[in-house]
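Subject: Structure handover and notes

Dear colleague,

Please find below the structure that I promised to pass on to you. My notes on what was found in it follow directly after it.

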Amino acid sequence: MMSIGASALQISKISRPLIFLKQTSIGATIESCVHESERILSSTLTSSSRFSSTLSFKRSFKTSSPRFEKFVTKSMSQASESKSVSQLSIDLKGKRAFIAGVADDNGYGWAIAKSLAAAGAEILVGTWVPALNIFEMSLRRGKFDQSRVLPDGSLMEITKVYPLDAVFDNPEDVPEDIKANKRYAGASNWTVQEVAKSVKQDFGSIDILVHSLANGPEVTKPLLETSRKGYLAAVSASSYSYVSLLKHFLPIMNPGGSSISLTYIASERIIPGYGGGMSSAKAALESDTRVLAFEAGRKRKIRVNTISAGPLGSRAAKAIGFIDTMIDYSFANAPLQKELFADEVGNTAAFLASPLASAITGALIYVDNGLNAMGVGVDSPLFNDLTIPTDKH
């Protein structure tokens, strides 16, 4: 995500809603500038470099030993751990985010909402219409309260929940059978165009747009057995829905804002069982990310990126049918042998939404414990005679 030098990575829980990123040496040129600043300012630096910035720098934090838990990341340069070092925090106070595709508390959409809220952003969500009543009832009854807890102990607040079906751009697109469907009874203004209009009327503008939804009605079918209808439905719900969201929300996004989507490595690697056109839909989403980055960047100075997340046992992922197998495979074969937490994807989204990522757009960021870098599955019996490093911690 950024060019960095060698550093000692510190991973720990923190007690307030800040997410810390790395600050370190990037070469002799920067180092010479720093030394010149030392001469002029007669100050002592505790790390190998310091960047002058309008961003707020906090001081003095205590380090702790690495723990693989639900966490936010904190990185230090190679200065002595006993000395004070600068911290660079993600601050989204005053920003407003709309996250499309939140219907429970155990998926990536929820985790992204939490990380954005922890950084100070106001949260709006769009929930699939048939799931809306259950989701809102669960919120009211406190079912999600434990999942709402932020690093500072407060609860994430969702300012407003909007009904949303991103398959339909406007009311004219909605077929009669959907209009008459009892699962949609009582709901109104839930097409993409109508939701964007409602958000504008309620809040005026947003700064962050998140696309966290996908659907492939024939996802369990091999591609050769997928119907045209099923294939196009997967592309419509999983990739064009992002184009539509950005198209309709772009006019109410503040310049300098950020738009983020979620993809999966099946877009570029063969994942047997991830069928029904879903791999094609994710490939289209990634291609669209690059084109949308250009168009939205030129029109409104909006950055557009996508996160390729590793397998997570969310309720939505259960539809694939073998998600637990993929989680086990990832643990056995990824460079980092640990569970992937939704929070880690959420924290990456918070970084991409922040001014710290102001020059990053059109990018695909992998958050999968490094599984994307592997060319073979090292758990194969073929590698039994090789010495494969394993995590001893």
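Another pair, Trp110 with Phe144, is edge-to-face, with 5.4 Å from centre to centre and 65 degrees between the planes. It too links distant parts of the chain, with Trp110 in helix α2 (residues 108-118) and Phe144 in the loop between α3 (129-140) and β7, 34 residues apart. Both Trp110 and Phe144 are buried. Ring pairs also link Phe98, Tyr162 and Phe249 into a cluster.

Before going further, please keep in mind that this is a predicted model, in which local features need pLDDT of at least 70 and side-chain atom pairs count only at pLDDT 80 or more, whereas totals for chains, interfaces and linings use all residues. Residues are numbered from 1 along each chain as its sequence is written, and side-chain values use heavy atoms, with hydrogens and water left out.

As for the protein overall, its secondary structure comes to 9 helices and 11 strands, and 47% of its 393 residues count as buried. Taking contact to mean heavy atoms within 4.5 Å, 78% of the contacts between residues at least 6 apart in sequence join residues at least 24 apart.

The buried residues of α5 are Val192, Glu194, Val195, Ala196, Ser198 and Val199, and what covers them includes β5, β6 (122-128), β7, β8 (206-211) and α6 (228-249). Just after α5, Gly204 takes a positive phi of about 90 degrees.

Which residues other than glycine have a positive phi? Asn189 is one of them, at about 55 degrees, and Asn369 is another, with a phi near 60 degrees. Asn189 is placed in the loop between α4 (176-179) and α5, and its 41% relative accessibility makes it partly exposed. Asn369 is placed in the segment after β11 (364-367) and, at 8% relative accessibility, counts as buried.

Two further residues are worth a note. Thr306 lies in strand β10 (residues 303-309) and counts as buried because its relative accessibility is 1%. Leaving aside residues up to four places away in sequence, Thr306 touches Ser261, Leu262, Thr263, Leu285, Glu286, Thr289, Ala363, Leu364 and Ile365. Gly273 is found in the loop between β9 (253-263) and α7 (278-300), where its 40% relative accessibility makes it partly exposed. From C-alpha to C-alpha, Gly273 and Leu223 are 9.2 Å apart in space, while 50 residues separate them in sequence.

Finally, a search of the whole structure finds 2 cavities of 30 Å³ or more, a cavity being a set of points, on a 1 Å grid over the protein atoms alone, where a 1.4 Å probe fits but cannot get out, with lining residues having an atom within 4 Å of a point. Grid points are joined across faces, edges and corners, and a volume is the space filled by probe spheres set on the points. The second largest cavity holds about 40 Å³ of space, and its lining is made up of Tyr264, Ile265, Ser308, Ala309, Gly310, Pro311, Asp368 and Leu371. By class, this lining has 5 nonpolar, 2 polar and 1 charged residues, with Ala, Val, Leu, Ile, Met, Phe, Trp, Tyr, Cys and Pro counted as nonpolar, Asp, Glu, Lys and Arg as charged, and the others, Gly among them, as polar.

How values were computed
Helix = DSSP H or I, 4+ residues; strand = E, 2+ residues; numbered from the N terminus. Buried < 20%, exposed > 50% of the residue type's maximum accessible area, 1.4 Å probe, protein only. 1 Å grid on protein atoms, 1.4 Å probe; cavity = no way out; pocket = protein on both sides within 12 Å on 5 of 7 lines; lining within 4 Å. Phe/Tyr/Trp six-rings, centres within 6.5 Å; stacked < 30°, edge-to-face > 60°.
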